[in-house]
Amino acid sequence: MRKKKKFNIETNQPLILASNSKIRYKMLKDAGLKFKKKAADINETELKSSFNFKAYHSLALMLAEEKAKKISLTHPKSYIIGADQICVFRNKVISKPGNKTKAIKQLMLLQGKQHDQISAFCLYFNNKLVAKGYDKTSLTMRKLSLCNIKNYIDEDIPLQSCGSYMFEKKGYLLFSEVKGNNETIKGLPLTNLLDILFKNNVISYAKA
């Protein structure tokens with residue numbers, strides 16, 4: 001008979017992740033949370049084009065909130081986690097490449113230089129904002145040859161990743177310096193989010 005783990009997290013309220021992100025799903029699962037996953041269909045391109053804030057974390061927070069708000073409309077009795085990530089290089093947003101050609105161009109642009117990854121989350125319940133937060137990590141990429149870049153892209157296929165790399169796979173090998181949290185690079189400031197969930201009794205430590 002399998003022994004029950006004594007130290008664990010219990011999920012006390014219905015919880016939904018408003019994202020199809022595999023890495024965000026894994027991060028929450030690895031933390032011990034029980035939740036459902038439901039992608040929020042919002043027009044990110046349109047929202048980004050209307051962005052007129054000075055601080056890029058405001059854009060990440062806005063996108064995260066739009067996702068949570070949309071799912072909360074149809075699931076008001078569940079706590080909804082919205083999340084988003086913005087890659088910023090020299091005051092320009094670097095979006096998901098979508099294909100290998102764009103991925104090569106993005107990595108050629110970033111190699112040898114520093115850029116930022118900004119991740120934000122938003123918690124909704126009953127169509128109301130409960131809390132939100134964000135975190136920023138700065139990364140310096142090594143100088144890479146075109147051959148290095150092509151080989152990396154063939155290895156990780158980072159076509160749906162901001163900045164054209166997957167830090168959770170082999171992407172971490174591209175960098176000479178990282179200032180901040182690895183969680184943020186992966187797309188979710190997990191420690192900050194867990195703190196909010198604990199404070200709102202959405203989760204708690206399991207009793208032995």
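This is a predicted model: local features need pLDDT of at least 70, side-chain atom pairs count only at pLDDT 80 or more; totals for chains, interfaces and linings use all residues.
Residues are numbered from 1 along each chain as its sequence is written. Local features need pLDDT of at least 70 and side-chain atom pairs count only at pLDDT 80 or more, while totals for chains, interfaces and linings use all residues, and side-chain values use heavy atoms, with hydrogens and water left out.

**View 1. The largest nonpolar core has 23 residues.** Such a core is a set of buried Ala, Val, Leu, Ile, Met, Phe, Trp, Tyr and Cys residues joined through side-chain atoms within 4.5 Å, where buried means under 20% relative accessible area with a 1.4 Å probe and protein chains only. Leu15, Leu28, Leu33, Ile81, Leu188 and Leu197 touch the most other members. Helix 7 (190-199) is one of the elements that supply at least two residues of this core, and its share, five residues, is the largest; helices are DSSP runs of H or I with at least four residues, strands are runs of E with at least two, and both are numbered from the N terminus.

**View 2. Arg24 lies in helix 1.** Arg24 is buried yet has no salt bridge, which would require a side-chain nitrogen of Lys or Arg within 4 Å of a carboxyl oxygen of Asp or Glu. The nearest side chain of opposite charge, Asp84, is 5.4 Å away.

**View 3. The largest pocket is lined by 36 residues.** Ser21, Arg24, Lys96, Gln160 and Ser161 lie nearest its centre. A pocket is an open set of points on a 1 Å grid over the protein atoms alone, where a 1.4 Å probe fits, with protein on both sides within 12 Å along at least five of seven lines, and lining residues have an atom within 4 Å of a point. Helix 2 gives the most to this lining, with four residues.

Note on methods
Buried means under 20% relative accessible area, exposed over 50%, partly exposed in between (1.4 Å probe, protein chains only). Lys and Arg count as positive and Asp and Glu as negative; His and the chain ends are not counted.
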